Amino acid sequence: MKLYDWNIAPNPRRVRIFLAEKGIEVPTEEVGEGFELKKEYLEKNPHRTVPLLELDDGTLISEAPAICRYFETEHPEPPLMGRDAKERALVDMWERKAELEGGQGAGEVLRNGLPPYADRALAGYSVPIPQIEQLVERGKVRVAEFYKKMDERLGEATFLAGDNFSLADITALCVTDFATIIGLPVPDECANLKRWHAEVSARPSAAA
Ligand SMILES: N[C@@H](CCC(=O)N[C@@H](CS)C(=O)NCC(=O)O)C(=O)O
């Protein structure tokens, strides 16, 4: 088994934190080089993104939540993807919102604004994807809206899915830290989000 990783990228970090929370060690290979993935890796992975898990029988599993699902099934303790029907649904809901609203918004800002991403405005394509300048501003709005939504939720619950830390918090942490790095920090008025961010960042797994 091997995990293909890129230590500066937010999506592989979702899996690294998940594994750290579970106490699982998996051999990893770093496949990033500057702003790009290595050519040999792109030839191996038809999905052209990281993270990627390769099982011993050669099966390739792409998409961070799918990789986490594999480990959650193989190593159920501690549960990080919900303990009952309601919690599982809430983990999935908040995890998807974190990636699809916050993460994609931040990605739009980065990938449509920086020269190294010219013709690579979306990850995972083998054909050129040109940048669209207007998506930079739209991405900022999406991140701001996501922060507001998380702040509201974290005013009523300790963690995104309720009482328990979960994959939803992991993805939201990776998104928040990534957005902060690209110049979109959590605004001061989001006090609930700031409280949550300090708590989840203090977990040893956050260093992964
Ligand atoms: N939805 C995917 C997102 C994967 C993704 O976009 N990964 C980025 C790194 S954070 C990537 O592989 N980028 C490749 C590139 O920039 O060419 C997942 O959950 O794994």
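Which residue forms a salt bridge with Arg 138, and how far apart are the closest N and O atoms? I began my notebook with this pair, keeping in mind that the model I am reading is a predicted one.

**Entry 1: salt bridges**

I looked up Arg 138 and found that its partner is Glu 108, with the closest N and O atoms 2.5 Å apart. Arg 138 lies in helix H5 and Glu 108 in helix H4, so the pair ties together parts that are 30 residues apart in sequence.

Next I turned to helix H7, where Arg 195 and Glu 199 both lie, four residues apart, which is about one turn of the helix. Their side chains meet in a salt bridge of 3.3 Å, taken from N to O, and I noted that Arg 195 is partly exposed at 28%, as is Glu 199 at 37%.

I also looked at Lys 194, which forms a salt bridge with Asp 188, the closest N and O atoms being 3.6 Å apart. Here Lys 194 is partly exposed, with a relative accessible area of 36%, while Asp 188 is exposed, with 65%. Finally, I wrote down a network of salt bridges that links Arg 14, Glu 95 and Glu 99, and a total count of 19 salt bridges.

**Entry 2: the nonpolar cores**

I moved on to the largest nonpolar core, which has 49 residues, and among the members that touch the most others I found Phe 18, Phe 71, Met 150, Leu 193 and Trp 196. The elements that give two or more residues to this core are helices H1, H3, H4, H5, H6 and H7, and H6 gives the most, with nine residues. Apart from this core lies another, of eight residues, including Trp 6 and Val 50.

**Entry 3: one side of H3**

Which residues of H3 are buried? I listed Ala 64, Ile 67, Cys 68, Phe 71 and Glu 72. These residues cover an arc of only 140° around the axis, which puts them on the same side of H3. I followed their contacts and saw that the buried residues of H3 pack against strands S1, S5 and S6 as well as helices H1 and H6.

**Entry 4: a patch on the surface**

Last, I noted a nonpolar surface patch of about 300 Å², made by Leu 122, Tyr 125 and Val 127. Tyr 125 lies in the loop between H4 and H5 and is partly exposed, with a relative accessible area of 46%.

Key: Residues numbered from 1 in each chain as written. Predicted model: local features only at pLDDT ≥ 70, side-chain atom pairs only at ≥ 80, totals over all residues. Heavy atoms only, no water. Core = buried A, V, L, I, M, F, W, Y, C linked by side-chain atoms within 4.5 Å. Buried < 20%, exposed > 50% of the residue type's maximum accessible area, 1.4 Å probe, protein only. Patch = residues over 30% accessible without salt bridge, like charges linked within 9 Å, V, L, I, M, F, W, Y side chains within 5 Å. Areas by Shrake-Rupley, 256 points an atom, 1.4 Å probe, with all protein chains shown as cover. Salt bridge = Lys/Arg side-chain N within 4 Å of Asp/Glu carboxyl O. Arc of directions from axis to C-beta. Contact = heavy atoms within 4.5 Å.
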